[in-house]
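Try each task before you read its solution.

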Amino acid sequence: MVANNFLNIVANLKQANKVLVLGHIMPDGDDISSVLSLTLGLKKLGKEVIPAIDWKIPSYLGEIDEVLLIKSFEEIDIKNFAPDIIAIVDASSPDRVGRFSQYLNDYNVLVIDHHATNTLFGNINWVDPTFGATAQMILRINRELEVEYDERLALINLLGIETDTGFFRYSNADERVFKDAAALISLGAKPDVIARMVLENKRLEQFKLLSRMIEKLKIESDGLLAYSYLSKEDYEELNCTDEDSGGFVSEIRSIKGVEVAIFFYEYTEGEIHISFRSKEWFDVSKVALLIGGGGHPRAAGASVKGKIEDIVDEVVKLTISEIKNQKP
Ligand code: 5GP
Ligand code: MN
Ligand code: MN
């Protein structure tokens, strides 16, 4: 991987006057954190920066007022803005920026990401899968640019480190993660504020949805694989949206003896997102890649079109055979 492009990325950002910062579709905490931390950092240096994501911002992050800065695809008039740079964070391939992908050929594109499956689609790519969160990479960029941190920036930057490490529980929560978190906490970030915002902010309907998901739960591969799915009707019937099932895949993984968890959800009729998680040895990114997605060894995903029952069948079969291949 091209880790030494760090300084090259920093030099490009330093020179730029106008930057379009892009995150990925179906944004998560690390994505929002990285987009906003880079945006606020560059703005502090006096640059004109527009952050944008071609997807709805999850409402559980709405408590961070700065998300209002993030523009939708429709709000960006790129010719008029004429950015010197498009900086893309936490996205492993061009399709992950949604409709913005059509602009990438015409601009100087910097890619900052921690996915091992990154296709290195920028003009300069700083891709380092040893980082637990892209937000840690943004922290390093901001430091190198001598951005002054205030409490808000520290909190927003910490958000991605907390969410992508499962609040410091996953195997990616290494010493550097704790050191970065500690640095941001000493700059004023409150980790408990983020934990409450993300974890303890549930609507009652979400529990009914969880109950539906558990009713449909199935176990395969001698207890190593657990999976479940929710259809568009399930969401509608229970007055929920796909946003309400965030974290369900982690619930499935939490079952004793389960190594691989899969959660399928129909976010739009006929369009299914598949979330994969594993505990110790199974590389879920291999299965995700086979069906056109990507991610990390312990957390990966893909979006596919079709009938949900058929997709569940196919992907479960594929995973069962991959479990046989990978079993230590
Ligand atoms: P999630 O299951 O939370 O949607 O995603 C887990 C991980 O897989 C994240 O790191 C995310 O970036 C990655 N991922 C999810 N969906 C896709 C996808 O469709 N394509 C790629 N390349 N990566 C994905
Ligand atoms: Mn992400
Ligand atoms: Mn990430």
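This is a predicted model: local features need pLDDT of at least 70, side-chain atom pairs count only at pLDDT 80 or more; totals for chains, interfaces and linings use all residues.

**Exercise 1**

Which residue forms a salt bridge with Arg 140, and how many Å apart are the closest N and O atoms?

Step 1: find the partner. Arg 140 pairs with Asp 180, and their closest N and O atoms are 2.8 Å apart.

Step 2: check the accessibility. Buried means under 20% relative accessible area. Arg 140 has 18%, so it counts as buried. Asp 180 is buried too, at 3%.

**Exercise 2**

Which residues are linked with Arg 212 in a network of salt bridges?

*Solution.* Because Arg 212 lies in helix 8 (residues 204-215) and Glu 237 in helix 9 (residues 232-237), the pair ties together parts 25 residues apart in sequence.

Step 1: Asp 234 and Lys 216 form a salt bridge at 2.5 Å, N to O. Asp 234 lies in helix 9, while Lys 216 is in the loop between helix 8 and strand 6 (218-220), so this pair ties together parts 18 residues apart in sequence.

Step 2: join them up. Arg 212, Lys 216, Asp 234 and Glu 237 are linked in a network of salt bridges.

Step 3: sort the members by accessibility. Arg 212 is buried at 15%, and Asp 234 is buried at 6%. Glu 237, on the other hand, is exposed at 56%.

**Exercise 3**

Which protein atoms are donors of the manganese ion (ligand 2)? Then find the residue that bridges to the manganese ion (ligand 3).

*Solution.* Step 1: list the donors. They are His 24 (NE2), Asp 28 (OD), Asp 28 (OD) and Asp 90 (OD), and they lie 2.1 to 2.6 Å from the ion.

Step 1: read the spacing. Along the chain, the donors follow H-x3-D-x61-D.

Step 2: look for the bridge. Asp 90 bridges ligand 2 and ligand 3, two manganese ions that lie 3.7 Å apart.

Step 3: His 24 is buried, with 2%, whereas Asp 28 is partly exposed, with 26%.

**Exercise 4**

How is the protein chain divided into domains, and what is found across the interface of domain 1 and domain 2?

*Solution.* Domain 1 covers 3-199 and domain 2 covers 204-326. Their centres, taken over C-alpha atoms, are 26 Å apart.

Step 1: describe the contact. Each domain puts in 13 residues.

Step 2: look at the area. The domains bury about 890 Å² between them, with 53% of it on carbon and sulfur atoms. On the domain 1 side, Met 26, Thr 117 and Tyr 170 lose the most area to domain 2, together 49% of what that side buries.

Step 3: count the polar links. The interface has one salt bridge and five residue pairs in polar contact.

Definitions and conventions:
Residues are numbered from 1 along each chain as its sequence is written. Chains are lettered from A and ligands numbered from 1 in the order in which they are written. Side-chain values use heavy atoms; hydrogens and water are left out. A salt bridge is a side-chain nitrogen of Lys or Arg within 4 Å of a carboxyl oxygen of Asp or Glu. Buried means under 20% relative accessible area, exposed over 50%, partly exposed in between (1.4 Å probe, protein chains only). Helices (H or I, at least four residues) and strands (E, at least two) are DSSP runs, numbered from the N terminus. Donors are N, O and S atoms within 2.8 Å of the metal (3.2 Å for Na, K and Ca); water is not among the atoms, so sites may look incomplete. Domain bounds come from an automatic or database domain assignment. Contact means heavy atoms within 4.5 Å. Buried area is the accessible area (1.4 Å probe) that two parts lose on being put together, summed over both. A polar contact is a pair of N or O atoms within 3.5 Å; within protein, one must be able to donate a hydrogen and the other to accept it, and residues adjacent in sequence count only if both atoms are side-chain atoms.
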